[in-house]
Amino acid sequence: MKPVLTESTAGVYCPAGDFYIDPRRRVPRAVVTHAHMDHFRSGCGEYYCSSSSLDLMKLRLRGSPQVTGVEFGEQIELGDVKVSFHPAGHILGSAQIRVEAAGEVFVVSGDYKRGADPSCEPFEVVPCDTFITEATFARSGAAWRPGEEVIAEVGKWWEDNRREGKVSVLYCYVLGKLQRVLAGLGALDGEREVFIHRDAEPYNDCYRRAGIQLAPTRIVPRKLDGWSLGGALVLAPPKYLQPSWYRRFGKTETAFASGWMALEDSRKRGYDKGFALSDHADWSELLQTIEETGASNVITCHGESSELEEHLAGRGLVVSSLPRA
Ligand SMILES: [Zn+2]
Ligand SMILES: [Zn+2]
């Protein structure tokens, strides 16, 4: 019998359905877990994604791509296999992909987390025989605190800086993290306006159209012309961590919001402060999820996974890799 999923240079390939999951190259048919750029590329013949990713995918793909949105839980047939999308709790619309062929079930997790996040659909456990899990933070030292707590600390940091007349510049990935912070701040104090880099605006629009409540925002003007941002909070993508960009705000404090801030020194990355806010599963979430899927076979991808693989093998699970195409 031919394998249902294989590993090829272009990514995970399903021969019976003739599609690639999160392809790294241009392929005729792509099934995409979510709209982060390391999970798809432009120029594919056609795309399938969750309906709530559709807006984000169209924003990120150039030209007039052919993209089909599929509701969470709805089953479609591609060739001889059944495919469905299930929430992954990572960013808006992020999905795990369930592939069923001849009674055998495979789930490709994409990126996921289990912690509460008001900016996206909560993770759903999907029972399967083979679970292909991300392993970004597959190390026993990775353990997150609840996101609400971390975002409340961001609020306090902003307040402290404001009292000292400083502008708080918080760097976060432009899609996902930035909206999670805005949703969290909106829930804390819905009225206070947050400044954002203009790059974030189209993504914020997608989230608002999807009905996600974000704190009110205003784009940082290109030229301040003597205008003061005194005491403001500014959210911007990490590529703008350049004094030439933020010095014009006057006295500033910079910070980075990322899971890496639980494991690394923020100063080494050039930030005054770090907030450990992750959109990936930590060690215990990985173990919990693998157990809850009931999978007897586990395959890891995205990350350094030897510690996890050893741990799972010790518990009697089969840890393997996909056959090469
Ligand atoms: Zn991602
Ligand atoms: Zn990723």
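Colleague: In this predicted model, how are helices H2 and H3 oriented to each other?

Modeller: Start with the general idea: a packed pair of helices is described by the distance between the axes and the angle between them. Here, the axes of H2 (residues 147–163) and H3 (residues 177–188) come within 9 Å and cross at roughly 75°. Angles of 65 to 115 degrees count as roughly perpendicular, so H2 and H3 are roughly perpendicular to each other.

Colleague: Which residues of H2 and H3 meet?

Modeller: On the H2 side, look for Gly-147, Glu-148, Ile-151, Ala-152, Val-154 and Gly-155; they meet Val-181, Gly-184, Leu-185 and Leu-188 of H3. Sorted by class, that contact has six nonpolar residues, three polar and one charged.

Colleague: Now the sheet. In what order do the six strands of the open sheet come?

Modeller: Read across it as E14-E13-E15-E12-E16-E17, with parallel pairing. E14 (217–219) and E17 (273–275) are the edge strands; each has a single partner strand, so one side of each has no neighbour in the sheet. On average, neighbouring strands here are turned by 30° against each other, ignoring direction.

Colleague: How many bridges link E12 and E15?

Modeller: Four, in the parallel sense, between E12 (residues 167–171) and E15 (residues 233–236). To find your place, note that Leu-170 stands opposite Leu-235 in E15.

Colleague: And E7 with E8: parallel or antiparallel?

Modeller: Antiparallel: four bridges join E7 (residues 75–78) to E8 (residues 81–87). Gln-75 stands opposite Ser-84 in E8. E7 and E8 make a hairpin with two residues between them, and Gly-79 in the turn has a positive phi of about 55°.

Note on methods: Residues numbered from 1 in each chain as written. Chains lettered and ligands numbered in written order. Predicted model: local features only at pLDDT ≥ 70, side-chain atom pairs only at ≥ 80, totals over all residues. Axes fitted to C-alpha atoms, helices over the stretch in contact; angles between N-to-C directions. Parallel < 35°, antiparallel > 145°, perpendicular 65-115°, else oblique. Contact = placed C-beta atoms within 7 Å. Nonpolar A, V, L, I, M, F, W, Y, C, P; charged D, E, K, R; others polar. Pairing = 2+ DSSP bridges.
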